[in-house]
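Hi everyone, thanks for making time for this.

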Amino acid sequence: MSLNDLLKPPDVFARRHIGAGEADIQHMLGVVGVRDLDELVQKTVPASIQLNRAMNLPAAATERAALDELRQIAQKNKVYRSYLGMGYHNTVTPGVIKRNILENPGWYTAYTPYQAEIAQGRLEMLLNFQTVITDLTGLPAANASLLDEGTAAAEAMSLSHRARARGNSSDTFFVSALCHPQTIAVVKNRAEFAGIQIIVGDHNTFDFAATPVFGALVQYPATDGAIIDYSAFCAAAKAHKALVTVAADLLSLTLLRPPGEFGADLCVGSSQRFGVPLGYGGPHAAFMAGGEDLRRQMPGRIIGVSKDARGERALRMALQTREQHIRRHKATSNICTAQVLLSVMAAAYAIYHGPEGLKAIARRVRAMTAILAAGLAEAGHEVVHADYFDTLRVRPAKGGAAAVLGAALCLGINLRDMGDGTLCVNFDETVGLNDVADVLTAFGADGGRVEALAQGDEPSLPAVHARKSSFLRHPVFSANHSETQMLRYLHSLEAKDLALNAAMIPLGSCTMKLNATAEMEPVTWAEFGGLHPFAPVDQAEGYAQMFEQLEAWLAEITGFDAVSLQPNAGSQGEYAGLLVIQRYHQRRGEGHRNVCLIPTSAHGTNPASAVMAGLDVVAVACDSSGNVDLADLRAKADQHAAHLSALMVTYPSTHGVFEEGIKEICAIVHERGGQVYMDGANMNAQVGLCRPGDIGADVCHLNLHKTFCIPHGGGGPGMGPICMKAHLAPFRPGHPVIQVGGDLGPISAAPWGSPSILPISWMYIRMMGPDGLKKATEVAILVANYVAARLSGHYEVLYRGAHGLVAHECILDTRPLKLSAGVEVDDIAKRLMDYGFHAPTMSWPVIGTLMVEPTESEPLVEQDRFVEAMILIRDEARAVERGESSRENNPLKGAPHTADMVTGTVWDRPYSREQAAFPAPWLREFKLWPAVARVDNAYGDRNLVCTCPTVEELAAAK
């Protein structure tokens, strides 16, 4: 070997990301029956769509080199003190929360808690989150997070429209001009395509009798800091059968009268300032709370208390019949990704500080604001509003707003220009007296006076605004205030959950792959986490460079011409892509095109997204092989040609195959004036092999939390940017505060959605390079075919391509077991927990089946362990078929088995404790025990409880 060869970096990241070594790959190729990866691709991907060239991307960098390069980019950001407010605040993330949640793969690599028995830790924290929200808002029901405050307000508008009282047929919604500008813009954009009229105006003068509306939105405190008594407004709305949504600041509600106490029907907002970094706009967990009568209409996930098979308390995701995967176009929303990881952080922040600690933080913030107000008034400046929490609107006495803004910038401070000669200053928990002094100096006042001003008394809130009710009275909010207690509480919850640090999660369509440490590390850098989303763009040059590079790379990977990074979830990406198409039709004078063709195999979010975009859904049949029925597609396309807007298609198909007719499918739609939206959920089978833009798609969303390694976070965060052809580029989502995108309104509150997690995907692409990315795709297809081949003698693989192969996932048909042994797909899913695995995707896209996606990151030993578990489970079903095991009482029906079940004094089952708990040899070395027995879903829905009990309720229960 030459010295030059020895100089090459030995640590190639692709070897770390791809779980199988070369010998393992050769073994799997032999089992599948192909010579090499090239032959596998030729037999899997239709020749007509193959890329047949290397992607034009930078060569792979080592982990250290990529981190150094990104650090240099990050350092171009200038982290000023941003007192801009508008729903975004600097905050202190307690170290115990940062280290043990945000930076802990036990929390950030878990999947959505659909399998409740191995997700009790996350479910408990989400129940805590809901309790925080209900207690602080004064409303009895809350969901387990939404994407951001702007979209939460838009969801509240949609809910209010669905829940209109009998006798109210209005399609008009009132929005206070004192709401945050980005919230107004997101609501207006959502309303336009939903056929809802928006009135933006003054809540003081709005006349419900003269202008009937179905709902209204107000800000509390207002965007300029004013604390307003909305009780009369709410009473007037109620008298005219309109619902009122209050967009509230969560910290302020520790001191201010809760919206539920002055007549609000709904309350939305962001929990960001509860310990979640600014991150240039996200990800942050929004919330929605409402009355008991609205909870079944509420969008998003709701965690509820139920019981398990032993009658013990157990948590689960409740009321799932509202969700898009079940109700499709009739769902309450298209929301799929929530913001679980950030909800968990916010709940942990509330637990760590407790009610008194939160009030102390709020009082300190208000005290700093009061000191500033006194100093400004003393210097002759006008403080516009007498009642405030953390924000002052100030009219400078001399020199004008421009001079103050300039002086503040010189001190490294951003203030908000209201555009009318006034400025807003918003304080947060990080502000100290030195900061107050600097702001006073920027206004030309004497900053040295802060110590004297601080000697005054705490200003009292007027009685009409002051909170009198207690909150957070469950013991969890009073028992974990020391770091030792908090650390152990968090660890106890983590131990109840299965995440990727314990086992593979073979969920079809969800791509649960490695979230490498090097990819995650930049997320917590101050240069990325400390920026306010509305800071001047010249302070975010590092972000701008990263955005530009990432957009260019994604465009090359997908074959499109332009990218919008704004959608902050896959469902948001679907919605944004459809709106881009609709705006395109409008600008061409074809706004009447309102029909969306969707194959019956489509993702559940697709029909719900189409309805949100104002489209009429027309289903297209699939043939017996799971492919789109071309004859039915032509017939439907002809029938609706005059009004055809788009086709939504998933590729490879949801059935796990590369459809040979995909180009023809696209051509059929284009010939009739429609556009093709491609769902990018299965992009992990395409990268480096084919490109949606070459196939014929016009727009495609990408799940960065799947293919591009942003972790699932227990159900969120996610990112769903859209890639599009040049003719659609002018219609990208824009923003009212920061100039970005095209002439479509914003679909997310922040200009670039959730920017602080984009470094994860940047690092993945940069470290893999074009060759590594392509090989990852090839191995993803290989391992899916390997699993399918090994399980073929035990389960039927439902759909295969032209050469008998699958794409990156396969569907196992477990329906015959119901007839032969009474074994349901749910029984297999629960029994897999006993073997140490999370179940594959259940009953989707075909009822009674399991969809398996092993991913390229899992080593061969783990793939074999999963295969062996599935074979052993099949053997347990065979024992029932042979009459050797009871049809009603067997390990499958009794699963999952908890530690206290198998160690209890009573064991009345016909199979042994050992078979229940240790059905496979590897479980002797490590076993993650399910925290509860099988959860009773129906009981939880019939008896919905979605908050922690109070001290009195706990006492009564005893």
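Let's start on strand β14, where C424 is the bridge partner of R416. Keep in mind as we go that this is a predicted model. That pairing belongs to β13, residues 413-417, and β14, residues 423-426, which run antiparallel and are joined by two bridges.

Now let's zoom out to the sheet. Which order do the strands take? The open sheet has five strands, ordered β1-β13-β14-β12-β11, and its pairing is mixed. At the edges you'll find β1 (81-83) and β11 (382-383); each has a single partner strand, so one side of each is left without a neighbour in the sheet.

Two helices are worth a look here. Helix α14, residues 400-410, packs on the sheet and touches β13 and β14, with its direction at about 155° to that of β13. Helix α15, residues 433-442, lies across β1, β13 and β14, and runs at about 70° to β1.

Next, the helix pair. Two packed helices are described by the angle between their axes and the distance between the axes. For helix α6 (residues 95-102) and helix α13 (residues 340-378), the axes come within 10 Å and cross at roughly 150°. That makes α6 roughly antiparallel to α13, and the crossing is right-handed.

Who meets whom? From α6 we have V96, I97, I101 and L102, and they meet L341, V344, M345, A348, Y349 and Y352 in α13. By class, this contact has 10 nonpolar residues, with no polar and no charged ones.

That's my tour, so over to you for questions!

How values were computed: Residues numbered from 1 in each chain as written. Predicted model: local features only at pLDDT ≥ 70, side-chain atom pairs only at ≥ 80, totals over all residues. Heavy atoms only, no water. Axes fitted to C-alpha atoms, helices over the stretch in contact; angles between N-to-C directions. Helix = DSSP H or I, 4+ residues; strand = E, 2+ residues; numbered from the N terminus. Parallel < 35°, antiparallel > 145°, perpendicular 65-115°, else oblique. Left-handed = near helix turned anticlockwise from the far one by under 90°. Contact = heavy atoms within 4.5 Å. Nonpolar A, V, L, I, M, F, W, Y, C, P; charged D, E, K, R; others polar. Pairing = 2+ DSSP bridges.
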